[in-house]
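Please look at the chain below and follow its overall form before turning to single residues. The report moves from the whole chain to a few of its side chains.

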Amino acid sequence: LDSNASRPDPELPIELDITGMNRYSVIEMMKQSLKMYMRVGFTERDLEELKDFFFRYPLHILIIMQVIGVVQMLLTTLAFKNDISFFRGRADYTGLSSRTLATDTLQELIIFLYLFDFEGISRGGFF
């Protein structure tokens, strides 16, 4: 410290953040993972997207979102499997409405275009 009495004492701002042990453990694990991604070759922009995704919501909301995503993916896969088994080996398509097929295709296209235009979604999953 300075012995000159005409100068005021320096201010030292301290920031304290109280966090639970589980949250601290998860955050530290994520920091270590991000460092590992940097060594592997991820760019700073990629890491910023990951940080934004993981730290935007509380941990329990993130877990719920992931569970819903897995359930949705499972149901979509089962529906696709059912569609394949329906169309396999059919000689005629009696009882199948062409309007229904066109409507389903249009709905899927609208959802795809909406997600493609949405900036919060990574483009890597589309192609």
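The chain has a radius of gyration of 26 Å, whereas a compact globule of 127 residues would have one near 14 Å; this radius is taken over C-alpha atoms, and the globule rule is 2.2 Å times the number of residues to the power 0.38. Along the principal axes, the C-alpha atoms of the chain fill a box of roughly 100 × 30 × 25 Å.

This is a predicted model, in which local features need pLDDT of at least 70 and side-chain atom pairs count only at pLDDT 80 or more, while totals for chains, interfaces and linings use all residues. Residues are numbered from 1 along each chain as its sequence is written, and side-chain values use heavy atoms, with hydrogens and water left out.

The predictor's confidence in each residue is given as pLDDT, from 0 to 100. The chain averages a pLDDT of 82, and 92% of the residues score at least 70. Confidence is lowest in helix α2 (residues 44-55), with a mean of 80, and highest in helix α3 (residues 59-87), with 87. Where pLDDT is low, the predicted coordinates should not be read in detail.

The secondary structure comes to four helices and zero strands, so that from the N terminus on the elements run α-α-α-α; helices (H or I, at least four residues) and strands (E, at least two) are DSSP runs, numbered from the N terminus.

Buried residues make up 3% of the 127 residues in the chain, where buried means under 20% relative accessible area, exposed over 50%, and partly exposed in between (1.4 Å probe, protein chains only). The chain exposes about 11,900 Å², of which carbon and sulfur atoms supply 62%; accessible areas come from the Shrake-Rupley method with a 1.4 Å probe.

What are the numbers of positive and negative side chains in the chain? There are 13 positive and 17 negative side chains, and the centres of the two sets lie 8 Å apart. Lys and Arg count as positive and Asp and Glu as negative, while His and the chain ends are not counted; the place of a charge is taken as NZ of Lys, CZ of Arg, CG of Asp or CD of Glu.

A search of the whole structure finds one aromatic pair. The rings of Y37 and F42 have centres 4.8 Å apart and planes at 35 degrees, so the pair is tilted. Rings of Phe, Tyr and Trp (its six-membered ring) pair if their centres lie within 6.5 Å, and planes under 30 degrees apart count as stacked, over 60 as edge-to-face and the rest as tilted.

The table gives the accessibility of several residues.

| Residue | Relative accessible area | Class |
|---|---|---|
| Y37 | 30% | partly exposed |
| F42 | 35% | partly exposed |
| F54 | 29% | partly exposed |
| L106 | 49% | partly exposed |
| R39 | 68% | exposed |

F54 lies in helix α2, and its C-alpha atom is separated by 8.7 Å from that of M30, 24 residues apart along the chain. R39 is found in helix α1 (residues 21-40); R39 and G69 are 30 residues apart in sequence and 29 Å apart in space, C-alpha to C-alpha. L106 lies in helix α4 (residues 98-117), and between L106 and I61 there are 31 Å in space, C-alpha to C-alpha, with the two 45 residues apart in sequence.
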